[in-house]
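Dear colleague,

Please find the structure below for your records. My notes on what was found in it follow directly after.

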Amino acid sequence: MTGRRRSSNAFGSEDPVIRTGTVALVPPRFGDGVIGGAEAVLADVARGLAARDVPIEILTTCARDHFTWANEFPAGSTRTADGVVVRRFPTVLDASSVDRDRIGNRILAGETITIQDQQRWVNASLRCPGLWHHVFDHGHRYRALVFAPYMFWTTYAVSQIHSRRSVIMPCLHDEPPARLDIFRTMFEGAGALWFLTEPEQELALRLCNPPRRQEVVGAPVAVPASYDADGFRARFGLTEPFVYYAGRREWGKGWQDLLAAFAQFMLDRTVDGGGLRLVTSGVGVVEPPVGCEQAVIDLGLLSDSDRDGAMAAAAAYVQPSALESFSLTVLEAMAAGTPVVANGDGAVVSRHLERSGAGLVYHGLQELVECLHFVADRPDAARALAADGRRYVLANYEPSLVFDRMIESLDRWFPPDRAPAGQTAEQVGVG
Amino acid sequence: MMSVLLVTPFAPYRDGIATYAAQELRCLRADSHAVDVLSPLPSAAHHHLPLGGVRGAALLVKRAIRYERVIIQFGPELLFGRCRSAADRVGVWTSLAVLARASKLDLRLHEVEYGPLAQNPAERRAARLALRWADRVTVHTEPERNRLSELLGSVTDRIEVVEHGHNFVPAVTCTGSEAKTELGLPADEFVFLSIGFLQHHKGFDRAVEAFTVAGLPRAKLHVVGSGRVDHPDIGRYVSSLERICARTPAVELHNRYVSDDQFDLWLTAADAVVLPYREIWSSGVVERARLFEKPIIASDLEQLRHQLALGGGGVWFTAADVGEIAVAMEKVWSSAGYARSPDADSGAAPPAVDRRRPMHPLWDIDDEAPDRAAIQVQIAARARAAQDNEPQTLVASPAAGAPSDGERPSAGLRALGPLVIPEPVSARPGVTPVKQTVRRLTGWQLDPMNQRLAALQQATVDAVIEMETRLERLSEALDEPAT
């Protein structure tokens, strides 16, 4: 694949630059049906950089599901419609789950964990030796290797092979594993760090002494030109106002908190009969509380256009997770002009909302209940809050801005080989 | 092209032998061999088996005979780490002998425990068979071959000495000044580097001491590395190294694990490498430093001397004590064109801090029969010398009439030593394995409690001292006449 673009900044001339060094992106999973924030970001980055003629390869596992890590995609190389080469390697999950669970629980409890146990723990979950050996054997051929998120073996083990050309996009949360020594040293030894937001960078600075090559690049948020909110409502038979949550329905994402608050909200609203529905899409078990079965509506996995429609149709988007390093869905809701109700314990989403003014934060379940009441009682005021959300997203996370920042930093840190004008990468024999 | 099984601790575990094995893996693959890796724990290796005891060794034999060649990166932890008895150890050696008979076996002896071999004739017999039947047995230094030969007799001709670094290739290719820039080091400062896992036998504290003695301007000593494992002894050593480095000007401790890239980046940036080991089998750092043609200052240990001589060229010094290390430091520093300013030498403008303190005598201790009273005397002398050289602390000096240090309320607390879990050893026959088993079974509960207790104790001491200081200041303020 030939990389070619005109550049006047990185090289100080208008000569055509042929990018001959391939950039590898290394997510733990990639492909249709993969749910995960970091995975989604890297998939977008792959498409975006490939469209700008940066030679891209995806190095990943054969897994689709992060609960089972079953090898669902075939191992080997394929090429996507965007021209991106995807190399898949089988996952291995044969270590003792006792190590994983016993040490994992101690980590979550904030206990001091020995280096040996930290290493046992990180090796007790999925591993992907094939990927490790591919990078060990061929890693020097890549201009840079971009890894995300920080906590997976694919990042921990593989990014340290050619650490000086590793760019880690940690997608860091303020959580006990982020304080483990194994990750601290991984961050400190990386060639460079890409952050999604300033609060994430600030957290990294508190946790370690990161490399000097670091930059807040953000992540691309695709902003549709228009939304079909009515069509969405009609397709799914939604006639009443609703709040929306999209993503993984699991404990770590605050899903149970949202359900509990929603149940309380429903109890409160039995007096006046008015209210909201809670509409959700994504993966994970929904398990609505008793009495709320009819009011909690699971749409499963939605197409991109239906998800856009849901974002626009919702009275508010709720983000109950405090552990967000970017929160793509919050920004998608903002872009759709929908107010956001978010867990104020999360620094990143709180910062988005402070800067855009496009929603409310809560501290504790009762405040979440009150936020839901506000949305139900004053939908117009809630909608008005969101007025500047779209502008905020476009000014900061419009994809071309993000891709330009990424390309500029890669060119600065890992200059691409330049071939004489008129020659392709194949002609110069690299890539 | 052969099918090869490489048996070794492996990445992403922090382990020197794992790093060595990765180099060999690269070379084998460059020679077009199909290499699988087998490690004792789940890792980036293709396979893992619970090595370290008889069962693991037997499973290894079963797995390994499918390969045309088997290379074992031999270390005590890898093969004997789970052995409970002398019979277990004999069983492991016997399995290796069986494997050597069934397949082409290469044994890379990184370290052999001489003690058990010396004590148990049965183990010696089994080891002799394994070494005799192995296709190739290598060590890195002549002294190690000689010691093994003394113990095992007729296997001398089976043991080859190979250069530790014969498989090594640089992980970075930048220049020294580029590496300094990347690490944020001043370009015009001479960089001494002590790098590797931080543990007592590496002796990096001696590098600090020698650097202080040398007192070289426009030079800095960087100590780079981390504890390989969490062990109370290593923790205590790292803490003490942190204190020593913190109070010593122009010395910086970078207490963190470094990847292979980072390791070589530091070596590229270094102007000289200082390795004042107290003991070592053979040193991978020596070989990596040689890759980058760096002057090496190393302890005068027999193995190191041999290793350095085996490597041929390059600038290297061996030093018998801290004083000699300091002299060698000054030599490499001055040969790089650095010089003391004439003013400093003439005494016209002495430096603000005189770093040329008198050299401590080496510890005068008989390791076989240490004299506690003599050690106490040495400790007190060293402490006084260190105190004389220490910068002022921020703690307020006691007011007149203030209680002496021993009378302070915190004295009792401070006198409490850290809680140390007794080593699981016993002079009584058979008790040590039992104690070790109990230790292993209870470690997961006891170690965190012990660490928490130590942290609590330290926090309590700090808090009480802080309170004492505040009270003394308050008392001083109250005693002062009102203005």
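Two residues are taken to be in contact if their C-beta atoms, placed from the backbone, lie within 7 Å. By that criterion, 25 residues of chain A are in contact with 26 residues of chain B. On the side of chain A that touches chain B, the elements giving two or more residues are helix 3 (115-123), helix 4 (129-138) and helix 6 (181-189) of chain A. Helix 3 of chain A provides the largest share, 5 residues. Sorted by type, the residues on this side of chain A are 7 nonpolar, 10 polar and 8 charged. Here Ala, Val, Leu, Ile, Met, Phe, Trp, Tyr, Cys and Pro count as nonpolar, Asp, Glu, Lys and Arg as charged, and the others, Gly among them, as polar.

Some conventions apply throughout. This is a predicted model, in which local features need pLDDT of at least 70 and side-chain atom pairs count only at pLDDT 80 or more, while totals for chains, interfaces and linings use all residues. Residues are numbered from 1 along each chain as its sequence is written, and chains are lettered from A and ligands numbered from 1 in the order in which they are written. Helices (H or I, at least four residues) and strands (E, at least two) are DSSP runs, numbered from the N terminus. A residue is called buried if 20 or more other C-beta atoms lie within 10 Å of its own, exposed if 12 or fewer, and partly exposed in between, again with C-beta atoms placed from the backbone.

Nonpolar cores

A nonpolar core is a set of buried Ala, Val, Leu, Ile, Met, Phe, Trp, Tyr and Cys residues joined through C-beta atoms within 7 Å. The largest one has 185 residues, and V146(A), V243(A) and L372(A) have the most contacts inside it. Helix 1 of chain A supplies the largest share of this core, 8 residues. A second, separate core of 58 residues includes F190(B), V224(B), I296(B) and V322(B). Leaving out residues up to four places away in sequence, V243(A) touches L276(A), L278(A), A314(A), A315(A), A316(A), V318(A), L372(A) and V375(A).

Helix 2 of chain B

In helix 2 (residues 54-64) of chain B, the buried residues are G56(B), A57(B), L60(B), V61(B) and A64(B). They fall within an arc of 145° seen down the helix axis, so they line one face of the helix; the arc is that of the directions from the helix axis to the C-beta atoms. Their cover includes strand 1 (3-7), strand 4 (69-74), helix 3 (76-80) and helix 4 (86-102) of chain B.

Backbone geometry

Most residues other than glycine have a negative phi, and most peptide bonds are trans. Two cis bonds deserve mention. One joins A148(A) and P149(A), with omega about -15°, and P149(A) lies in the loop between strand 7 (142-147) and helix 5 (153-156) of chain A. The other runs from A11(B) to P12(B), with omega near 5°; P12(B) belongs to the loop between strand 1 and helix 1 (16-30) of chain B.

D53(A) has a positive phi, near 65°, and sits in the loop between helix 1 (37-51) and strand 4 (56-61) of chain A. S327(A) also has a positive phi, near 65°, and is buried, with 25 other C-beta atoms within 10 Å.

Yours sincerely
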